[in-house]
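Thanks for coming. I will go through one structure today, starting at the ligand and then moving to the strands.

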Amino acid sequence: MAFELMDLKQNNSSLLNLLTQHLPDMLWVKDLEGKYIYANKAICNDLLMAKDTQEPIGKGDIFFALREREAHKEIADWHTFGELCFNSDQLVIDSNKAMKFEEYGNVKGKLMYLEVYKAPFYDKDGNIIGTVGAGRDITQLKKIQFDLENSLEELDTKRDQLEFQANHDALTGLPNRVLFMDRLTQAIKLAKREKQHVAVLFLDIDDFKKINDSLGHHVGDEILIEVTQRMLLKMRKSDTLARLGGDEFCIIINNIKDIDDVSKIIENGMEVFRDPFITQEHTLYISISVGVSLYPNDGKDAIALLKNSDAAMYKAKQNTRDRYSFYDEEMTKKAYERIFLETEMRKAFEKDEFVVYFQPQVHAKTKILTGMEALVRWQHPDMGFIYPDRFIPLAESTGMIIKLDRIVMKKAISQFSRWKKSGLEPKKVSINLTMTQLAEGDFYKFIKELLEYENVSASEVEFEITEREIMGNPDASIKALEKLNELGISVAIDDFGTGYSSLTYLKRLPINKLKIDKSFIDNIPKDLSDSAIVKTIINLCENLELQVIAEGVEEENQNDFLFENNCEDIQGFLFSHPINVKDMEEFIKKHT
Ligand SMILES: Nc1nc2c(ncn2[C@@H]2O[C@H](COP(=O)(O)O[C@H]3[C@@H](O)[C@H](n4cnc5c(=O)[nH]c(N)nc54)O[C@@H]3COP(=O)(O)O)[C@@H](O)[C@H]2O)c(=O)[nH]1
């Protein structure tokens with residue numbers, strides 16, 4: 001680009017002018033001090049805001065920048081083209097190279113982006129005497145670019161969020177089943193390489209359904225969050241705690257060198273449940289059952305290990321002391337049986353396979369009938385007669401107990417009504433009930449309507465609720481039982497002596513009767529401590545003005561002991577096993 005500086009000045013209005021003045025792109029030539037020697041219409045109008053194409057000549061960018069600044073004093077964050085341009089002009093001169101820049105500055109109060117090409121301007125001897133430049137407004141392009149970058153950033157954030165949601169549990173933020181299975185698969189691969197063990201711990205909160213049903217899901221959620229936080233405090237960074245759903249958690253313990261360490265880890269972990277859980281309204285004691293499976297002994301892949309730890313957890317639930325259990329093959333059979341039984345049980349409702357038996361309750365001396373307990377049996381077409389111990393725990397854990405107990409109530413009360421209508425005196429019917437039933441919103445309406453329909457008075461019905469259930473949350477029990485009291489239905493605490501009753505609560509509970517558990521009756525009068533416990537319970541009833549009944553009475557000497565110590569109401573094989581409707585009818589006729 002070897003023009004004479006003078007040529008350019010002289011020819012300003014000639015051929016070059018004609019060629020460049022009407023181009024939409026900006027064109028200019030500056031001397032070594034950055035002063036304009038030539039400027040086309042586009043730069044004068046769009047960047048410099050010059051009066052005409054002559055005004056910039058002999059002036060630098062700073063002059064125009066300051067003038068613009070003055071016109072827009074109110075804009076605090078002002079970027080001037082002036083300095084940027086000067087710096088880039090200098091760079092081109094110093095490096096003696098053509099260059100491309102992106103420059104920006106406030107023009108007419110708005111930010112403008114320019115794409116600028118600059119090159120050295122030489123005299124005929126090849127000396128640099130200034131710079132030539134061409135600029136193009138790329139503000140719109142830049143805006144699109146910024147918007148695109150922002151959208152991409154938003155998309156990235158959204159994608160990260162979605163990825164997190166897909167792999168984590170929303171309530172606790174813990175890995176969910178998908179991520180858990182992935183981590184377990186990785187842990188197995190590593191353990192295989194390093195010839196180590198991996199333990200899978202399947203944890204389930206005991207009676208969590210009852211917390212949800214009786215205290216509401218918000219309390220259940222608080223407990224789940226607190227359980228998570230407490231467990232995380234006990235965990236190593238290398239292990240994974242995941243929530244699989246509901247109240248089911250799983251832990252992967254890596255790098256196990258000695259299998260005995262697993263028991264220690266579990267016992268140590270269970271410590272976190274020792275302190276009560278204090279929610280906004282309740283103080284709850286929570287326990288947890290843990291099933292353990294080990295790689296490679298109990299499964300070679302993630303699916304097998306998870307399935308087997310689940311089966312072991314079911315076994316742990318049946319333990320009364322250590323609530324954890326290691327997997328063994330027998331459990332797989334049991335797990336299948338459980339699934340089979342659950343399916344059969346759902347069908348049993350449709351096919352009306354549940355029947356109610358009655359066990360008489362009599363006066364210890366006169367043998368006169370005082371009442372009867374309704375006890376459910378399952379008459380399965382292939383498996384035959386199934387006793388409740390086999391299906392009640394399953395019904396409780398699946399929630400089917402609500403439906404089942406209502407069927408028992410309907411059948412028992414309806415039969416009771418038929419006996420009355422036929423002129424018999426069945427006295428009173430006791431029906432087993434779970435606290436979850438009382439938490440069902442429509443239960444009180446259900447029982448009231450049933451009694452009205454069958455023309456049975458509330459005082460002829462009694463509900464038996466186990467001590468363990470009532471004392472699980474005594475405050476909630478007081479409220480629920482008060483409602484039953486209002487209806488005139490009496491309540492007996494079943495299995496009394498096994499559920500660690502608090503005497504303070506016992507005094508406040510709206511109950512009418514204690515039923516002494518069979519385990520205390522079995523060895524009276526021989527066993528002195530059991531005899532003392534039984535006497536204490538009878539005295540307690542006298543002092544609290546409660547009725548008392550003993551269950552599981554099989555021998556005369558047990559019956560005599562009870563009678564001599566003022567327990568007159570007896571239930572047990574000594575007088576009768578639970579019997580069907582026809583046999584019960586005969587019993588009523590003989591014993592009233
Ligand atoms: N929620 C519901 N629970 C129910 C219902 N029906 C029964 N059950 C509970 O199942 C458990 C087992 O019941 P079952 O096999 O019927 O056993 C009862 C009696 O047969 C047994 N019993 C009574 N006397 C004796 C005896 O002298 N010896 C002996 N070995 N067993 C005896 O006790 C069971 C009654 O117990 P309880 O209810 O505690 O009075 C049992 O826990 C039932 O409660 C149901 O419809 N719903």
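**The ligand and its surroundings**

An oxygen atom of the ligand sits 3.2 Å from an N or O atom in the side chain of Asn 432. That is a polar contact, meaning a pair of N or O atoms within 3.5 Å; within protein, one must be able to donate a hydrogen and the other to accept it, and residues adjacent in sequence count only if both atoms are side-chain atoms.

Before going on: this is a predicted model, where local features need pLDDT of at least 70 and side-chain atom pairs count only at pLDDT 80 or more, while totals for chains, interfaces and linings use all residues. Residues are numbered from 1 along each chain as its sequence is written, and side-chain values use heavy atoms, with hydrogens and water left out.

Arg 377 has a polar side-chain atom 2.7 Å from an oxygen atom of the ligand, and Val 376 has a polar backbone atom 3.1 Å from a nitrogen atom of the ligand. On its own the ligand has 820 Å² of accessible area, and the protein covers 84% of this. Such areas come from the Shrake-Rupley method with a 1.4 Å probe; for residues, only the protein chains shown count as cover.

How many residues surround the ligand? There are 24, and the closest are Glu 373, Arg 377, Asp 405, Glu 551 and Glu 554. By type, the shell has 11 charged, nine nonpolar and four polar residues. Here Asp, Glu, Lys and Arg count as charged, Ala, Val, Leu, Ile, Met, Phe, Trp, Tyr, Cys and Pro as nonpolar, and the others, Gly among them, as polar.

Which element gives the most to this shell? It is β14, with four residues. Elements supplying at least two residues each include β14 (369-380), α13 (388-398) and β18 (490-496). Helices (H or I, at least four residues) and strands (E, at least two) are DSSP runs, numbered from the N terminus.

**Strands beside β14**

β14 pairs with β16 (residues 429-432) in the parallel sense, over three bridges. Two strands pair if DSSP finds at least two bridges between them. Met 372 has Val 429 of β16 as its bridge partner. Val 429 also stands opposite Val 461 in β17, and β16 and β17 (residues 461-466) pair in the parallel sense over four bridges.

Five strands form an open sheet in the order β7-β8-β6-β11-β12, with mixed pairing. β7 (240-245) and β12 (324-326) stand at the edges with a single partner strand each, so one side of each has no neighbour in the sheet.

Definitions and conventions: A residue is near a molecule or strand if one of its heavy atoms lies within 4 Å of it.
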